Amino acid sequence: MNDLPHTALRGTLHVLWMSSLVVPLISVLREPSATRWLGVLGLLVLAVAYAVTLRGGPLWVLVAATLATIPLVAPVGPDELSTWAWIGGAAAGFAPLLLTGPWRWLAAICAVVAAGLVGFFVTRDQTTYQMIAASVGATIIAMAGLPMWFAGLLGQARAGREAQAELAVSEERLRFARDVHDLLGHRLTVIALKSELAGRLASTDPERSAAEAFEAQRLASSALEEVRDAVHGYRAVNLPEQLEAVRNVLQEAGIRCTVSAVPVEGEHATQLALALREACTNVLRHSHATWCMIDVAVAEEEVRMTVTNDGTEKPSGEGNGLRGLRERLAAVGGQVSVEKSGDVFTLQVVVPA
């Protein structure tokens, strides 16, 4: 059975199902003979079977209950109400929603055909039964199937945005790992060789052993300095480029993004750019935003960046990313604050000027 993506859709299915049983129930209760209670029993069994199936029970329970209503409900009730045609229409409408693949449409067609056969044997009027079944089935599909389809598309789009954000993070980690490997690979190999040589020469040529050990130490210090430079270059990012990149990423994800920024340079730009990366990741991964506003302003004593977006469902509590951002900015006298009002989430970063 297909996953029902939203509680409102599930409620819609319940309402449609009960509505399709209203006419058969009225028809059965109007039957003057005692056999009407058999029809009531058949409708009750059908309602219970539907509830069991919608809660994850086996689909054959609903199929068996539907077939069981043919001898119980079809002969009961005034002929002009075409009693079982409504049940056949409900089966035709819910088959595409509860099944997957080509079987769902085949089952819907079989339900309409079955309604015609019942009409032929009960009233010799199979056309009316088939028309009612087809109309009820099409109504159910239109009222519940289309919203389910759109909800599924939204879920896929959201999953795609999360995957895109995770891919961007993974690519950045791989790039940095590759840079560090290129820096350290050769140096560590040379250091290992010189250390081994120094150990072998320690007893036979102490002066050369000391020279080799000193050279290994010099290479280690040089490698450490290069790694620090690489990390500094990794962190020293360009804020205008980051703003443009974030706007492009959000717009590609279907989020309308507006940017209002003043020129900021130096360490302030680096810290704001790092915060901007975290904010963009949060928008992509933790919201279903339709718009995002980014504002960078400079006052006398501080530089302030505000990122606001809608569609945030998660609580405004700090995750690892925001916690790390807060700790990093605290080291330079900066502050991070978050605010959630309805589904609108605001991240504000302040660094001293």
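Contact here means heavy atoms within 4.5 Å. The model is predicted, and local features need pLDDT of at least 70, side-chain atom pairs count only at pLDDT 80 or more, while totals for chains, interfaces and linings use all residues. Residues are numbered from 1 along each chain as its sequence is written, and side-chain values use heavy atoms, with hydrogens and water left out.

**Overall architecture**

- The chain has 11 helices and five strands; these are DSSP runs numbered from the N terminus, helices being H or I with at least four residues and strands E with at least two.
- Of the 353 residues in the chain, 34% are buried, a class defined as under 20% relative accessible area, with exposed over 50% and partly exposed in between (1.4 Å probe, protein chains only).
- The accessible surface of the chain comes to about 19500 Å², and carbon and sulfur atoms contribute 61% of it; accessible areas come from the Shrake-Rupley method with a 1.4 Å probe, and for residues only the protein chains shown count as cover.
- Among contacts in the chain with a separation of 6 or more, 67% are between residues 24 or more positions apart.

**The surroundings of D310**

- D310 lies in the loop that runs between β3 (302-309) and α11 (320-330).
- Leaving aside neighbours within four places in sequence, D310 is in contact with S287, A289, T290, W291, D343 and V344.
- The side chains of D310 and T290 are joined by a polar contact of 2.6 Å, a term for a pair of N or O atoms within 3.5 Å; within protein, one must be able to donate a hydrogen and the other to accept it, and residues adjacent in sequence count only if both atoms are side-chain atoms.
- The D310 side chain also reaches the backbone nitrogen of W291, at 3.2 Å.
- D310 is buried yet has no salt bridge, and the nearest side chain of opposite charge, R256, is 7.0 Å away. For charge, Lys and Arg count as positive and Asp and Glu as negative, whereas His and the chain ends are not counted.

**Salt bridges**

- The structure holds four salt bridges, each defined as a side-chain nitrogen of Lys or Arg within 4 Å of a carboxyl oxygen of Asp or Glu.
- One of them pairs E196 with R200, whose closest N and O atoms are 3.2 Å apart. Both residues lie in helix α7 (residues 126-201), four residues apart, about one turn of the helix.
- E196 is partly exposed at a relative accessible area of 47%, and R200 is exposed at 51%.
- Another pairs R247 with E244, with the closest N and O atoms 2.6 Å apart. R247 and E244 are three residues apart in helix α9 (residues 239-252), so about one helical turn separates them.
- R247 is partly exposed with a relative accessible area of 25%, and E244 is partly exposed at 36%.
- R304 forms a salt bridge with E302, and the closest N and O atoms are 2.2 Å apart. R304 is partly exposed at 28% relative accessibility, as is E302 at 25%.

**A nonpolar surface patch**

- L38, L41, L44, V45, V48 and V52 make a nonpolar surface patch of about 500 Å². Patches consist of residues with over 30% relative accessible area and no salt bridge; like charges are joined within 9 Å, and nonpolar side chains (Val, Leu, Ile, Met, Phe, Trp, Tyr) within 5 Å.
- V45 is found in helix α3 (residues 36-54) and counts as partly exposed at 41% relative accessibility.
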